[in-house]
Amino acid sequence: MKTKAAVNWGIGQDWKIEELELDDPKQGEVLIKLAASGLCHSDEHIPTGDMPVPAYPYIGGHEGAGVVEKVGPGVETLKVGDHVVLSFIPACGRCKMCSTGHQNLCDLGAGLLGGLQISDNTARHHINGEDARLMCVLGTFSPYTVVNEASAVKIDDDIPLEVAALVGCGVTTGWGSAVNSAAVKPGDTVVVVGVGGIGSNAVQGARIAGAKHIVAVDPVEFKRENAQSLGATHTAASIEEALPLVSQITRGVMADSVIYTAGVVEGELIAGIMALTTKGGTAVVTGLGHASQVDVTMSLFDLTLMQKRLQGSLFGAGNPRADIPRLLSLYQNGQLKLDELITKTYTLEDINQGYQDMRDGKNIRGVIVYN
């Protein structure tokens, strides 16, 4: 079939709308008609070059939800008409990581940036006669895509797909950073550094987990105000401003956990992140830095003597097949706010404006809505 997609052709280039030739699904694959796709900051790392990709053209988008239109041979868990959220981490259910409860580290994730089909490492998407790669083997910057069954999680039909799309990445990643990676407990003090699409949900995760103090740190006033509506009890414009604030509200003990969810993680800020963290506490790094960056500034003396922990977190250390339905049930009963995360909706043709709005700090989450 012919459709369209937002495509990147190289570092420094904007997304370009191209005609897409889409093959039928093969063994273990499904054709999805998408209802919506979130404009996640992770896709911004493709045109900036922070996240190197192996080849172009490259179709972006990894946060989407839609309806199954066609199933390939061998598909066992989905049928035509099913409503699904596309998980940016596929879960095979059989590898060591999946079988020990760590689906976010599924072995199939090794091919995420390669962008070819999981089943046979070939392409179903073609642009101008060339094979196209897919962000996280999903490519949700198109109204139609073919994905592996392992990447699609069935959800209830009565959940609005526009908001369900957000649980495919940002919501689950942020919520899990607090609940799973930081293991926030009732009464804890939590600091979230960067409260955009992921950090806002780290705030929600900390609130739902029962944190007493939640400090939202962001230079953008709009984002700090929005974080308060989601559960933040205090705000600061910078790490430097947060340090005396956290010391005051904890009587010098500092935060039980600090969650770093900035759009671009900088190694030089880790020292400040660790300074905000209490003795025996955990600092969680969820945002992405440049793939080539290896320098981190921090006190190893403090790390050892204060027994602090610096923890990475992918997809909120969650299990997509369990956590996506769980979070949507929290939305249904009013505990998790999803509608409030969508600042503005766009057409696919307006994708570059959507990312400019993100850079300008105008959006918590912009969402492409397909007709």
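This is a short talk through some local features of one structure.

Okay, so keep in mind that what you're looking at is a predicted model. I'll start with helix packing, then go to the backbone, and finish with charges and a surface patch.

Helices, then. H1 covers residues 41-48 and H11 covers 351-359, and the two pack with their axes 11 Å apart, at an angle of about 105°. Anything from 65 to 115 degrees counts as roughly perpendicular, so that's what we call H1 and H11. Who's touching whom? On the H1 side you've got His 41, Asp 43 and Glu 44, and they meet Tyr 355, Met 358 and Arg 359 from H11.

Asn 121 has phi near 60°. You'll find Asn 121 in the loop between helix H2, 96-99, and strand S7, 125-127. Asn 121 counts as exposed because its relative accessible area is 56%. Then there's Ala 317, with phi near 50°, in the loop that runs between strand S17, 309-312, and helix H10, 320-332. Ala 317 comes out at 31% relative accessibility, so we call that partly exposed.

On to charges. How many salt bridges does a search of the whole structure find? It's 13. Let me show you a few. Arg 124 pairs with Asp 120, and the closest N and O atoms are 3.0 Å apart. Arg 124 is buried, at 1% relative accessibility, whereas Asp 120 is partly exposed at 37%. Next, Asp 188 and Lys 185 form a salt bridge at 3.8 Å, N to O; the cut-off for that distance is 4 Å. Asp 188 counts as buried, with 7% relative accessibility.

Lys 308 is buried at 12%, while Asp 302 is partly exposed at 21%. There's also a network, where Lys 2, Glu 19 and Glu 21 are joined through salt bridges that share partners.

Last stop, the surface. Phe 301, Leu 305 and Met 306 make a nonpolar patch of about 330 Å². Leu 305 belongs to helix H9, residues 300-305, and with 56% relative accessibility it counts as exposed.

That's my tour, thanks.

Key:
Residues numbered from 1 in each chain as written. Predicted model: local features only at pLDDT ≥ 70, side-chain atom pairs only at ≥ 80, totals over all residues. Heavy atoms only, no water. Patch = residues over 30% accessible without salt bridge, like charges linked within 9 Å, V, L, I, M, F, W, Y side chains within 5 Å. Areas by Shrake-Rupley, 256 points an atom, 1.4 Å probe, with all protein chains shown as cover. Salt bridge = Lys/Arg side-chain N within 4 Å of Asp/Glu carboxyl O. Helix = DSSP H or I, 4+ residues; strand = E, 2+ residues; numbered from the N terminus. Buried < 20%, exposed > 50% of the residue type's maximum accessible area, 1.4 Å probe, protein only. Axes fitted to C-alpha atoms, helices over the stretch in contact; angles between N-to-C directions. Parallel < 35°, antiparallel > 145°, perpendicular 65-115°, else oblique. Contact = heavy atoms within 4.5 Å.
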